[in-house]
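Visitor: I'm new to this one. Could you show me how to read it?

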Amino acid sequence: MKKLYSALIFSALSLTANAADWYKVEVVVFANQDSAPIADEYWPDIEEIPAPSNAINLKSSNAEGSAYKRLPGSSLTLHDEKNRLRNSGPYKVLFHAGWMQPVYRTQTPRPIHITGGEILDNGMHELDGYIAVGRGTYLHFRPDLYLSRRLSADEAKLLKDDPTATNNAVDENAASILTMQASSSASSSLANELFTIPNILTANLNQARRMKSKELHYIDHPLMGILVEIRPVN
């Protein structure tokens with residue numbers, strides 16, 4: 001009997017630990033269209049967006065069920081903040097949505113796939129990536145978002161003039177070899193190919209944040225930003 005009682009207590013504690021509370025998540029993602037940050041950072045070459053195997057797509061508002069489904073605009077509360085972004089600077093809002101979801105006590109919450117903005121010439125959305133929400137003592141908000149941006153001729157020149165920011169930079173030894181061989185047309189062609197600047201730049205924002213519910217939080221990046229508010233649902 002004592003063993004049975006202990007097993008029941010352990011089972012009850014496990015169920016409590018794995019139980020989910022429901023929250024409403026509202027997110028605004030925007031791009032900073034200012035050219036200045038492009039030359040201030042090193043931008044690694046990103047050609048594809050990794051897809052977690054357990055990710056779920058954010059559902060349309062007319063889908064069945066309550067979880068991970070877009071809420072109507074009348075249920076969202078960040079309209080004023082979104083409008084201020086549009087009117088206050090070189091910002092382009094790419095995504096604004098809210099949804100309800102169960103949030104579990106876990107360090108590895110299930111990612112939700114979102115997209116926003118236009119589809120570019122390379123087939124990528126301006127905004128693509130994943131948002132995951134878990135909890136411990138605090139809520140854990142985990143964005144892994146990719147911003148793809150068309151580069152103007154001037155912006156491409158900013159990257160070309162700053163080797164530390166060039167996506168296709170070569171090391172010093174390779175650069176020396178290319179310089180020594182520049183007299184031949186073939187090697188000149190190779191140098192141009194290695195130093196080619198893409199006309200689309202893709203940047204990643206991956207910053208986990210602990211936060212309290214019912215508070216507006218801002219996550220910053222040189223080329224984009226996130227506003228997020230998470231509220232418990234009774």
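Visitor: Is leucine 85 buried or exposed?

Guide: Buried means under 20% relative accessible area, exposed means over 50%, and partly exposed lies in between, using a 1.4 Å probe and protein chains only. Leucine 85 has a relative accessible area of 12%, so leucine 85 counts as buried. Keep in mind that this is a predicted model, where local features need pLDDT of at least 70, side-chain atom pairs count only at pLDDT 80 or more, and totals for chains, interfaces and linings use all residues. Residues are numbered from 1 along each chain as its sequence is written, and side-chain values use heavy atoms, with hydrogens and water left out.

Visitor: Which helix holds leucine 85?

Guide: Helices are DSSP runs (H or I, at least four residues), and strands are too (E, at least two), numbered from the N terminus. Leucine 85 sits in helix H2, residues 79–88. The protein chain has 5 helices and 10 strands.

Visitor: What does leucine 85 touch?

Guide: A contact means heavy atoms within 4.5 Å. Leaving aside residues up to four places away in sequence, leucine 85 touches Val28, Phe30, Tyr91, Val93 and Leu227. Take phenylalanine 30: 55 residues separate it from leucine 85 along the chain, yet their C-alpha atoms are 8.2 Å apart.

Visitor: And how much of the protein chain is buried?

Guide: Buried residues make up 38% of its 234 residues. As for contacts with a separation of 6 or more, 69% come from residues 24 or more positions apart.
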